Amino acid sequence: MEDCLFCKISAGETDTDFVYQDDQVVVFEDINPQAPVHLLIVPKKHIADLNNLQPADNELIGNIYQVAKKMAAEYDIAESGYRLVSNCGDDGCQSVYHIHFHLLGGRQLQWPPG
Ligand code: AMP
Ligand code: ZN
């Protein structure tokens with residue numbers, strides 16, 4: 001997908017450092033962190049947003065949750081707690097239209113999120 005920032009990042013075409021990667025996903029630190037731990041879990045496959053998820057993506061999404069769990073343990077927030085969020089559309093405050101999951105933790109998060 002041309003001109004997609006997260007396609008470029010996940011393809012290794014930028015100087016973004018990955019804190020984890022496998023054949024399906026990359027994980028890197030958010031450039032504008034909203035918590036002491038703020039990672040982005042990004043599939044290499046371009047899916048614009050949650051509205052475009054297909055049943056064939058179910059395994060990928062399941063694997064993303066497994067990666068989130070692993071990263072939470074590595075960043076020592078598994079016990080204190082954390083949040084896994086995917087923003088969708090304008091009201092959801094999505095700004096990059098390549099699906100991704102925010103892993104946030106390391107402080108008391110608020111609910112409702114605003
Ligand atoms: P969203 O607003 O849910 O679409 O999330 C997009 C996220 O990508 C935001 O939290 C941005 O801070 C983050 N972001 C944008 N560009 C970069 C970049 N080059 N490297 C790391 N994070 C980025
Ligand atoms: Zn993309």
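This is a predicted model: local features need pLDDT of at least 70, side-chain atom pairs count only at pLDDT 80 or more; totals for chains, interfaces and linings use all residues.
Residues are numbered from 1 along each chain as its sequence is written, chains are lettered from A and ligands numbered from 1 in the order in which they are written, and side-chain values rest on heavy atoms, with hydrogens and water left out.

Ligand 1 is surrounded by 16 residues, the closest being Asp 30, Asn 87, Ser 95, His 100 and His 102; a residue belongs to this shell if one of its heavy atoms lies within 4 Å of the ligand. Polar contacts, defined as pairs of N or O atoms within 3.5 Å, include one between an oxygen atom of ligand 1 and a polar side-chain atom of Asp 30, at 2.5 Å. The backbone of Val 96 places a polar atom 2.9 Å from an oxygen atom of the ligand, and an N or O atom in the side chain of His 100 is likewise 2.9 Å from a ligand oxygen atom. Taken alone, ligand 1 exposes 500 Å², of which the protein buries 81% (accessible areas by the Shrake-Rupley method with a 1.4 Å probe).

Helix H1 (5-10) and strand S2 (25-29) are the elements that give two or more residues to the shell around ligand 1, and H1 provides the largest share, 3 residues. Helices (H or I, at least four residues) and strands (E, at least two) are DSSP runs numbered from the N terminus. By class, the shell comprises 8 nonpolar, 6 polar and 2 charged residues; Ala, Val, Leu, Ile, Met, Phe, Trp, Tyr, Cys and Pro count as nonpolar, Asp, Glu, Lys and Arg as charged, and the others, Gly among them, as polar.

Pockets were located on a 1 Å grid over the protein atoms alone, as open sets of points where a 1.4 Å probe fits, with protein on both sides within 12 Å along at least five of seven lines; lining residues have an atom within 4 Å of a point. Ligand 1 sits in the second largest pocket, a term requiring that more than half of its atoms lie within 2 Å of the grid points. This second largest pocket holds about 230 Å³ of space, the volume being that filled by probe spheres set on the points, which are joined across faces, edges and corners. Its lining includes Leu 5, Phe 6, Ile 9, Asp 30 and Val 96, and divides into 7 nonpolar, 2 polar and 3 charged residues.

The largest pocket contains about 310 Å³ of space. Among its lining residues are Arg 83, Val 85, Asn 87, His 102 and Arg 107. Strand S4 (82-85) and strand S5 (101-105) each supply at least two residues of this lining, which divides into 4 nonpolar, 5 polar and 2 charged residues.

Two backbone features were also noted. Most residues other than glycine have a negative phi, and most peptide bonds are trans. A cis peptide bond, with omega about 5°, joins Trp 111 and Pro 112, and Pro 112 is placed in the segment after S5. Asp 76, in the loop between helix H2 (58-74) and S4, has a positive phi near 60°.

Definitions and conventions:
A polar contact is a pair of N or O atoms within 3.5 Å; within protein, one must be able to donate a hydrogen and the other to accept it, and residues adjacent in sequence count only if both atoms are side-chain atoms.
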